[in-house]
Amino acid sequence: MLSRTADHLYWMARYTERAENIARMLDVNYQMSLLPQGGDIMEQSWIATLSISDLMEAYQRKHDTVTPAKALAFMAFDRDNPSSIYSCLAAARENARAVRGTLTSEAWETLNSTWIDMRKAVTRYSLGAEIADFFEWVKYRSHLTRGVIQGTMLRDEAYHFTWLGTYLERADNTARILDVKYHLLLPRGEGAGGVVDYYQWSALLRSVSAFAIYRKVYRDLITPRRVAELLILTDDMPRSMRRCMSQVYMHLMAIANSQSAETERRAGEMHASLLFGRIDSILEVGLHEYLAEFLARVADLGERISQDFLVPSAIR
Amino acid sequence: MAAPTPYNEMHAAEGGVRTHYQAFDKWLASTSTEWLSQKRAEADMLFHRVGITFAVYGEEAGSERLIPFDVVPRIIPADEWRKLAAGLKQRVRALNAFTEDIYHDQNILKAGHIPAEQVLKNSQYRPEMQGVDVPNGIYAHIAGVDIVRAGAGEFYVLEDNLRVPSGVSYMLEDRRMMMRLFPELFVHYPIAPVEHYPDLLLDNLRSVSPVGVNDPTVVVLTPGSYNSAYFEHAFLAQQMGVELVEGKDLFVNDGFVYMRTTRGPKRVDVIYRRIDDDFLDPLAFRADSMLGVPGLLSAYRAGHVTIANAIGTGVADDKSIYPYVPDMIRFYLSEEPLLNNVPTYMLRKEEDLKYTLAHLDELVVKEVHGAGGYGMLIGPSASKEQIAAFRERIIAEPAKYIAQPTLALSACPTFVESGIAPRHIDLRPFVLSGKEVTLVPGGLTRVALREGSLVVNSSQGGGTKDTWVLER
C-alpha cells in the first residue's frame, strides 16, 4: 500500500485513541475534584495533568492561573491546543478523509459523524456536571470507531497499520496516566486505606476501565503496588502496557518489510521485558524512572516506524 | 427583446403533463410540501455524513458545503437519449481525431478548415506533445459534454470539457440518494442504471495502458484533500479499487513512474489525473507546482505511462476552437453533425465584434479560456453598468472573447423555497473513449436554483438533480 496511506491510517488511529485517553484522564480529574480535598491538591493535580501531556507551556501562554475550569476547557475544547480532544478528533477525521477510499464507508462515516458532532459539542456541553457526559461520549465514539474497523475492514496492511497506531498510542497513554496519578497519590500513604484514598485509587482504575478488573484479579484491598502491576504487567488487562506492547509487536510483524528488522527487534525486546518483568524490580528502580524510560522507548519506536514504512527513502 | 417562454421538461406549452412525466406527476400530487422538505433535510444530513462536501476557501476552518440536491428528477425519454448518445459519441470521436491530427500531421490546418494560428498560437496547444504517439490515438479518455435543450428535440452542445471534467460522482450519488429516499418511484419507471460507470471507467483506463503491459496498475492522481473535487477523486479510486495518489506519492526513475509503498517502489502504468496540465510536472510546466511529479512528461513521452486525459487536450475544448467542431465531424468522419453547435461570434473577427458590441444586451459573452461560469456576461440580465464595463474589457482584448445568442435553456420543475417551480437546467453526460466509445445512459443535470438564472455552476449557486434515462 501507499506509504502516505499507511501514514494517515496510523495517525488516524493514534489521534482517535489519544482523544479517548485525554477524556479518560480529564474524567478522573473531574471525579476527584468532587471529593473533599484542599484547593492546592486540585491545582497540583491539574498541573501534573498538563505537564505529563507536555502542555504546560502552551497553557501558560493563554492563562495565568491553573483552575479546573480553565484547564478543562483548554484540554477538551481549545482548538489552539493541538492535543485537546477537539483537535485530536479533527486530526483523526482529517487523516481519515485523506484515505477515505481505503477505509470502509462505515469506518469513514463513523469518524466523520464524530467530527460533525464534536463541532456541535463545543457549544452543547457546559463545563459543569454535564462534562462527564461529554467524556463518556468521547469514549463511546472511540469504542465505536474501533468496533467498526474491527467489524468491517479487510485484514490487510491497512488494518495492521491502524491497530499499530492504536496500541502504540495506548501504551504511551496508559504509562502517562499511571505516572501522573501514582505520584500524586503516593505521598498520602501507602496502604493507608482512608476513604479519600479509596476513592482516589478507584477513580484512577475507573479511568482505564480497570476497577472491576482489579476486583476480579485481586479480590482484595486496592494498593498502589497492585494498581501498578495491573496497569503495567497484566496480560489480560486490555489497556495494560504489556497487553499493548504484545499487540504492537504482533501487528508490526504482520507488516514487516526489508528494512524494519531493527524496529521489530526493539518492539520485541520491549514486549519481552514486560512479559518477564516483576513489579518489585520495577518499584525498586523507581516507578517514575521506569515509566519515563518506557515513554522514551515508545517514542523511539514511533520514529522508527515512520522511517521504515511511512517515509520510505525512495529516490526523489 | 422579450425572452421566449422556455421549454418546460415536464409541462407542455399547450397544457398537460408530458407523457414521460405523468407517473411522476401523479406521485408528486400525492406528497406534501412538508414531507418533501423532510426528505430534502434527510438528504442533506446523509450527504454531510458521507462527506459529499467541499471545503470553501477562506471560510472558518472545518466548515464544508454541500452542492444542493434537488428531489425532482430530470427525465429523458428513450428516443431522445438514443439521438443524444449517437451525437455525443460522434462528437467525441471527432474531437479525439482532431487532437491526434493537431499533434501529428495537422491535415485539418493544411486543408484550410481552421486558421493554423488559431490552434498553434493557442495557449492550450502544447508543443511538447507534437509527434508523441499515445495508445489507441486517444487523448480525451473522459469527456464531459455540456448540453442544453432549447426546444422539443432541439439540443445544443454548450461546451466540450476534455481536460479534467468533474461531476460524475454526483451523477452516481444523486441516483443512490433518489433510490434511498423514494424507492417507490423506481417501480413506476424503467430507469436505465448508471451504477456501473466506475467499472466502465476502469476497463477504459486499462484498455489504454502502455504497449506490452499485461496487468496495468491504474492510479487516480489528486491535488489533495483540500481540492473542491476531492470527494470525487477518492470516490472514483475507491469504486475502481485503485490507489488514490498525490504527486508526492509518485516519482520517476529511469523513465518509469513508481509509487512509494510500504514495501518499496511499485510501477504505475496508467494515471487518471485530476490535475491540470500546468501542474503535472514542475520540470516541464509550472516550476512552482507542488502537486506534480518531476519528470512525468519525459516518462510519458517515452511511452512508459499513460496519462488520462492526455496532456494538451485543452486545444480541442477551447472556446475559440468550439465553432469548428461541426467542420471537424465532416472532415474526420465524413458525417453530418447530429448535435447542434450554438452559433458563435468570434470577436477577433472585425464583423463579429461590431455585431456583438451593438447587441451586448442580447448576447452571452464568454472568455475564451474561462471556466466555471466566471468571466462571462449574460446580456439580457445584466445592468447597464455591467454591460458598459464589459464593453471596455472586450474592446481592450477582443480575441479573448466569444459571443453567443442567449439560449432559452429548458426548465425543469424544482423544489425551491416557494414550492415546486421551474428552474433552468443543463446536462453533462460523460463519454469514455478507449478501444471503443461508451457512455452510461445519464449524466449530471445541473440546475440554476435562483429564479430566472441561467448559470448552473455549483460555484455560482447551482444544484444537481438525478437524471433518469428511460429504457423504453
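The questions and answers below concern a predicted model.

User: What share of the contacts in chain B with a separation of 6 or more joins residues 24 or more positions apart?

Analyst: As to burial, 45% of the 472 residues of chain B count as buried. Among contacts with a separation of 6 or more, the share from residues 24 or more positions apart is 69%.

User: How are helices α8(B) and α9(B) oriented relative to each other?

Analyst: Helix α8 (residues 197-207) and helix α9 (residues 230-240) of chain B have axes 9 Å apart and pack at an angle of about 80°. Angles of 65 to 115 degrees fall in one class, so α8(B) and α9(B) are roughly perpendicular.

User: Which residues of α9(B) meet α8(B)?

Analyst: The contact of the two helices divides into five nonpolar residues, one polar and no charged. From α8(B) come Pro198(B), Leu201(B) and Leu202(B). Their partners in α9(B) are Leu236(B), Gln239(B) and Met240(B).

User: How many residues does chain A give to its contact with chain B?

Analyst: On the side of chain B, 23 residues take part. Elements giving two or more residues to that side include α2 (33-50), α9 and β9 (256-261) of chain B. By class, the side of chain B has eight nonpolar, nine polar and six charged residues. The number from chain A is 24 residues.

User: Why does the span of helix α5(A) agree with its length, and how far apart are its end C-alpha atoms?

Analyst: Helix α5 (residues 85-98) of chain A is mostly covered, with 13 of its 14 residues buried. At 1.5 Å a residue, its 14 residues should span 20 Å, which agrees because the end C-alpha atoms are separated by 20 Å.

User: Is Arg301(B) buried, partly exposed or exposed?

Analyst: Arg301(B) is found in helix α11 (residues 296-301) of chain B. Its C-alpha atom is separated by 46 Å from that of Ala152(B), 149 residues apart along the chain. A residue with 20 or more other C-beta atoms within 10 Å is buried and one with 12 or fewer is exposed. Arg301(B) has 18 such atoms, so Arg301(B) is partly exposed.

Notes:
Residues numbered from 1 in each chain as written. Chains lettered and ligands numbered in written order. Predicted model: local features only at pLDDT ≥ 70, side-chain atom pairs only at ≥ 80, totals over all residues. Helix = DSSP H or I, 4+ residues; strand = E, 2+ residues; numbered from the N terminus. Expected span 1.5 Å × (residues − 1). Contact = placed C-beta atoms within 7 Å. Axes fitted to C-alpha atoms, helices over the stretch in contact; angles between N-to-C directions. Parallel < 35°, antiparallel > 145°, perpendicular 65-115°, else oblique. Nonpolar A, V, L, I, M, F, W, Y, C, P; charged D, E, K, R; others polar.
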